Amino acid sequence: MTIAAAKPRIDWVDYAKGICIILVVMMHSTLGVEKAAGSVSWLNAFIEWAKPFRMPDFFLISGLFLAARIDRPWRSFLDSKVLHFVYFYVLWMTIQFATKGHGLYQDLGALGVIQSYLAGFVEPFGTLWFIYILAVFFAVTKLLRGLSPLVVFIAAAVLEMAPVHIGFLLVDEFAARYVYFFAGYWLAKHVFAFASGVERKPVAAILAGLVIWGIANAALVSTGWAGLPVIGLALGFIGAAAVVSMGVLLSKTRLAEPIRYCGEKSIVIYLAFFLFMAASRAVLLKVAPGLDLGVVSLAVTVCGVIGPV
């Protein structure tokens, strides 16, 4: 999700990020609509299909450009790769608390609101956990710089397969996601080489491969096997490769330019989509209570993506 400012943008990277951020907004929009309506929509099947690769690809891409800065002195590194996310996290956590302040005050009281706000500096708050954990990933990767990358990768893979569920979001998500971020950093050259290889293939071959992957992914999700150790890890990396391939394919045409733009502005969308998502959900469910929930979820997704940009 981050690219060094001095480097030119790479279209397929932005397309891949665009696909991921749209899927993330769709997930939150759909689950929010279903929770508010007390019923499951047909779109739920699609977000479950995307679950094995939605966040793994996001984290893998987030690590792609770290190698260019990881050897900088700690002060410069922290300023450019860690404090950047700390700033956005604190700012938008404060904004979220401000928008939800009345409801939180009614539920928790003044002291409870203050305690919850301060707890947000330790336990990531709401959808902002992604921003919080990116800062952690950058710092941890810098700390582990002197270790064998293979050892770190194996340890991270073991953590992902464990799986770790202690109820502390930061620890649980670190264990589940770090392997993908580290792989993006460590294997960046191979990822770019893979993208170059895909770019040289005929469009028909790329589409055929994506169709086969999509069917296999759907079969494993429907049987519940996608959540099993080893299989889940493999699906995360295979799905990430598929999204990279989609990014390469889309970069061959200008018809999907809005997706590329969403990828370029992915951090903007991720930080602010909750405002537009919550507002549009409340309005649509109130003014059109009989509207199909899947359609409502799609409309909320559109608002959540377009609103921030």
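Modeller: Before we start, helices here are DSSP runs of at least four residues, numbered from the N terminus. And keep in mind that this is a predicted model.

Colleague: Fine. Which peptide bond is cis?

Modeller: The cis bond joins alanine 162 and proline 163, with omega at about -25°.

Colleague: And where does proline 163 lie?

Modeller: Proline 163 lies in a loop, the one between α6 (149–161) and α7 (169–186).

Colleague: Next, backbone angles. What is phi of valine 230?

Modeller: Near 70°, so that's a positive phi in a residue other than glycine.

Colleague: Where does valine 230 lie, then?

Modeller: In the loop between α9 (203–223) and α10 (231–250).

Colleague: Does valine 230 count as buried or exposed?

Modeller: Exposed, because its relative accessibility is 52% and the cut-off for exposed is over 50%.

Colleague: Let's switch to helix packing. How do α1 and α12 cross?

Modeller: The axes of α1 (residues 11–37) and α12 (residues 266–287) come within 10 Å and cross at roughly 30°. Angles under 35 degrees count as roughly parallel, so α1 and α12 are roughly parallel to each other.

Colleague: Right-handed or left-handed?

Modeller: The crossing of α1 and α12 is right-handed.

Colleague: Which residues meet there?

Modeller: From α1 you have Lys17, Ile21, Val24, Val25, His28, Ser29, Gly32, Val33 and Ala36. On the α12 side they meet Ser266, Ile269, Tyr270, Phe273, Met277, Arg281 and Leu285. By class, the contact has ten nonpolar, four polar and two charged residues.

Colleague: What does serine 29 touch?

Modeller: Leaving out residues up to four places away in sequence, serine 29 touches Met277, Ser297, Val300 and Thr301. Met277 is also among the α12 residues that meet α1.

Colleague: What about cysteine 262, buried or exposed?

Modeller: Cysteine 262 is buried too, with a relative accessible area of 9%; the cut-off for buried is under 20%.

Notes: Residues are numbered from 1 along each chain as its sequence is written. This is a predicted model: local features need pLDDT of at least 70, side-chain atom pairs count only at pLDDT 80 or more; totals for chains, interfaces and linings use all residues. Side-chain values use heavy atoms; hydrogens and water are left out. Helices (H or I, at least four residues) and strands (E, at least two) are DSSP runs, numbered from the N terminus. Buried means under 20% relative accessible area, exposed over 50%, partly exposed in between (1.4 Å probe, protein chains only). Axes are lines fitted to C-alpha atoms, for helices over the stretch in contact, and angles run from 0 to 180 degrees between N-to-C directions. Angles under 35 degrees count as roughly parallel, over 145 as roughly antiparallel, 65 to 115 as roughly perpendicular and the rest as oblique. A crossing is left-handed if the near helix is turned anticlockwise from the far one by less than a right angle, and right-handed if clockwise. Contact means heavy atoms within 4.5 Å. Ala, Val, Leu, Ile, Met, Phe, Trp, Tyr, Cys and Pro count as nonpolar, Asp, Glu, Lys and Arg as charged, and the others, Gly among them, as polar.
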